[in-house]
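I opened this entry to keep track of what I looked up in the structure, going from the whole chain down to single residues.

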Amino acid sequence: CTGNGICKCRVCECFPNFTGSACDCSLDTTPCMASNGQICNGRGTCECGTCNCTDPKFQGPTCEMCQTCLGVCAEHKDCVQCRAFNKGEKKETCSQECMHFNMTHVESRDKLPQPGQPDPLSHCKEKDVDDCWFYFTYSVNSNGEANVHVVE
């Protein structure tokens, strides 16, 4: 019974928190807890203490890794562009699609927030529709609010 139960008449009687014919399946969901506090990041089921990711794009012990997903910078560049400079692919739909973050303008790149602050921070350098570089940071605070700082 893999040390997780007692064998009685050739049948395992499992201790609490274990199941299966050999008591080899843990019912403990702690190993499946993702950094956001959800089981398997809300993208899978916890089976025997291991995540079974239901969304095939996501993998890893808690379904948090996505090799094919856009990075934070690429994902938000169109919205930052339309909010900050009133141009780009989302210019016409900006007020509907791009109001999910707070935006702050800064004068220069050295005025952008720097690593070392408590919130996860991404520094971004993207090209706009006129083939010019623009710079911004993207962070999410402990209240789940997204904050963008963009260089004017």
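I began with contacts, keeping in mind that this is a predicted model. Among the contacts in the protein with a separation of 6 or more, 29% are between residues 24 or more positions apart.

Next I went through the secondary structure, where I found two helices and twelve strands. Read from the N terminus on, the order of the elements is β-β-β-β-β-β-β-β-α-α-β-β-β-β. I then looked up the radius of gyration, which is 23 Å, well over the 15 Å that the globule rule gives for 152 residues, so the protein is more spread out than a compact globule. Along the principal axes, the C-alpha atoms fill a box of roughly 75 × 30 × 25 Å.

I turned to the domain assignment, which gives domain 1 as 5-66 and domain 2 as 70-151. For the spacing of the two, I noted that the C-alpha centres of domain 1 and domain 2 lie 38 Å apart.

For the surface, I noted that the protein exposes about 9600 Å², and that carbon and sulfur atoms supply 49% of this area. Of the 152 residues, 30% count as buried. I also looked up the charged side chains, of which 13 are positive and 20 are negative, and the centres of these two sets lie 3 Å apart.

Leaving aside residues up to four places away in sequence, Cys7 touches Cys1 and Cys12. I also looked up the separation between Cys7 and Val140, which are 133 residues apart along the chain, and their C-alpha atoms are separated by 51 Å.

Where does Cys9 lie? I found Cys9 in the loop between strand 1 (5-8) and strand 2 (11-14). Its phi is near 50°, which is a positive value in a residue other than glycine. Is Cys9 buried or exposed? Cys9 counts as exposed because its relative accessibility is 79%, and the cut-off for that class is over 50%.

Asn86 is found in the loop between helix 1 (72-85) and helix 2 (94-97).

Note on methods:
Residues numbered from 1 in each chain as written. Predicted model: local features only at pLDDT ≥ 70, side-chain atom pairs only at ≥ 80, totals over all residues. Heavy atoms only, no water. Helix = DSSP H or I, 4+ residues; strand = E, 2+ residues; numbered from the N terminus. Rg over C-alpha atoms; globule rule 2.2 N^0.38 Å. Buried < 20%, exposed > 50% of the residue type's maximum accessible area, 1.4 Å probe, protein only. Contact = heavy atoms within 4.5 Å. Areas by Shrake-Rupley, 256 points an atom, 1.4 Å probe, with all protein chains shown as cover. Lys, Arg positive; Asp, Glu negative; His and termini not counted. Charge placed at Lys NZ, Arg CZ, Asp CG, Glu CD. Domains from an automatic or database assignment.
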